Amino acid sequence: MLPEEVTQLIGRVGDTVVLEVEKGAIRRYADAIGDPNPLFRDEGYARRSKFGAILAPPGFFGWPDKWIAPGPFFPPLRLEVTDIIAKSGYSRGLYGAVRHDFYHPIRAGDVISATPVVKDIYEREGKAGNMVFVVIETTYIDQAGRLVAKAQETLIRR
Amino acid sequence: MPGKQLYWEDVLIGSELPALAKVATTQMLVKWAGAIGDFNPLHYDETFAATEGVGQVIVHGPLKRAWLVQMVMDWMGEEGFLKMLSCQFRAMDYPRRMRDFFDPQPGETWRCRGRVTKKYLETGAHCVDCDIWIENGRGEVTTPGLATVVLPSKERRGPAPGQQSG
């Protein structure tokens with residue numbers, strides 16, 4: 001049984017992070033994957049495409065990734081969640097799963113507001129002892145106020 | 001690279017997506033860490049990785065997700081729209097070490113694969129569902145997932161969902 005201190009985190013909404021989707025950041029992301037798609041790197045090609053500008057690979061919402069980056073970018077909500085769960089004995093983390101739903105393409109120059117919410121926290125028995133699963137849902141809104149994507153990420157604490 | 005445009009009518013249930021081969025290296029993990037701003041030592045510090053109980057530095061889950069996105073985008077073509085992609089990180093993948101500045105040591109090659117499971121119309125959109133997955137060098141699935149794409153139809157050449165002007 002997870003202590004109430006942990007379960008009462010369900011429903012908590014984190015701070016909104018505003019990310020500018022820069023073409024250089026898109027290029028470095030595509031380079032890191034090893035994806036030569038000209039939509040992500042060739043401005044002339046992208047302009048003539050139906051997108052009209054450099055496209056961001058689906059799943060890239062601007063730098064830095066607001067959920068994973070530690071240090072100054074580590075969002076207060078995630079720190080609080082991991083700290084409280086650590087007090088129950090789960091101090092090590094792994095990235096368990098991700099689901100992205102996409103509604104509109106994101107292009108270079110877009111400004112994306114990302115807002116996370118803790119959807120669920122539950123405990124499960126694993127091969128190497130109990131694990132805690134934290135499900136975070138993030139909504140991504142563009143500069144025109146449109147919902148462009150949703151992410152559902154499962155963080156594992158063990 | 002995206003190939004010839006795929007149309008909904010040409011997709012066969014049970015057919016496989018062209019596989020995408022990938023070699024994860026320690027160098028690739030460094031590039032990825034910088035590209036997304038993920039400086040978790042789990043992906044570059046052997047001692048830290050051992051303390052965390054994963055043995056050695058592991059490939060970032062989101063990098064594996066990005067490989068799957070590349071495979072699906074290449075297959076569906078530029079007029080297609082990726083509506084949904086999900087995956088689970090079921091097993092660790094360990095990058096190859098670098099032999100020199102440019103090339104990795106011999107070792108594992110990963111394969112991103114997929115198979116069409118369903119074709120249907122949803123509010124006028126021509127949708128295709130796929131099972132997708134990554135196999136490690138021993139052919140074991142470390143990263144299973146699902147994808148849904150919207151494809152252009154030969155019958156109704158309207159704009160794909162998600163398309164907009166400007």
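Visitor: Why is Arg41(A) called partly exposed?
Guide: The relative accessible area of Arg41(A) is 23%. Buried means under 20%, exposed means over 50%, and partly exposed lies in between (1.4 Å probe, protein chains only). So Arg41(A), at 23%, counts as partly exposed. The model is a predicted one: local features need pLDDT of at least 70 and side-chain atom pairs count only at pLDDT 80 or more, whereas totals for chains, interfaces and linings use all residues, and side-chain values use heavy atoms, without hydrogens and water. Residues are numbered from 1 along each chain as its sequence is written, and chains are lettered from A and ligands numbered from 1 in the order in which they are written.

Visitor: What makes Arg41(A) and Asp31(A) a salt bridge?
Guide: Their closest N and O atoms are 2.7 Å apart. The pair links distant parts of the chain, 10 residues apart: Arg41(A) is in the loop between α2 and α3 (43-48) of chain A, and Asp31(A) is in helix α2 of chain A. The rule asks for a side-chain nitrogen of Lys or Arg within 4 Å of a carboxyl oxygen of Asp or Glu. Therefore this pair, at 2.7 Å, qualifies.

Visitor: Why does Arg27(A) count as a partner of Asp31(A) too?
Guide: Their side chains meet in a salt bridge at 3.5 Å, N to O. Both residues lie in helix α2 (residues 23-33) of chain A, four residues apart, about one turn of the helix. Helices here are DSSP runs (H or I, at least four residues), strands are DSSP runs (E, at least two), and both are numbered from the N terminus. Arg27(A) is partly exposed at 39%. Asp31(A) is partly exposed as well, at 29%.

Visitor: How do you know that Glu122(B) and Lys83(B) form a salt bridge?
Guide: Their closest N and O atoms are 3.1 Å apart. This pair also links distant parts of its chain: Glu122(B) is in strand β3 (residues 110-122) and Lys83(B) in strand β2 of chain B, 39 residues apart. Glu122(B) has 35% relative accessible area, so Glu122(B) counts as partly exposed. Lys83(B), at 29%, is partly exposed.

Visitor: Which residues of chain B are linked in a network of salt bridges?
Guide: Glu16(B), Arg113(B), Arg115(B) and Glu135(B). Over all chains, the structure holds 17 salt bridges.

Visitor: How many salt bridges cross between chain B and chain A?
Guide: Across that interface the rule finds zero. The chains do touch: 46 residues of chain B are in contact with 43 residues of chain A. Contact means heavy atoms within 4.5 Å.

Visitor: What is the area buried between chain B and chain A?
Guide: About 3600 Å², with 57% given by carbon and sulfur atoms. Buried area is the accessible area (1.4 Å probe) that two parts lose on being put together, summed over both.

Visitor: What is the volume of the second largest cavity?
Guide: About 170 Å³. Of its 20 lining residues, Gly59(A), Phe61(A), Asp65(A), Tyr140(A) and Arg65(B) are the closest to its centre. By class, the lining has 13 nonpolar, three polar and four charged residues.

Visitor: Why is Thr123(B) called exposed?
Guide: Its relative accessible area is 85%, and exposed means over 50%, so Thr123(B) qualifies. Thr123(B) lies in the loop between β3 and β4 (125-135) of chain B. Its phi is near 40 degrees, a positive value in a residue other than glycine.

Visitor: Which residues does a cis peptide bond join?
Guide: Trp63(A) and Pro64(A), with omega about -10 degrees. Pro64(A) is in the loop between α3 and α4 (76-87) of chain A.

How values were computed: 1 Å grid on protein atoms, 1.4 Å probe; cavity = no way out; pocket = protein on both sides within 12 Å on 5 of 7 lines; lining within 4 Å. Points joined across faces, edges and corners; volume = space filled by probe spheres on them. Nonpolar A, V, L, I, M, F, W, Y, C, P; charged D, E, K, R; others polar.
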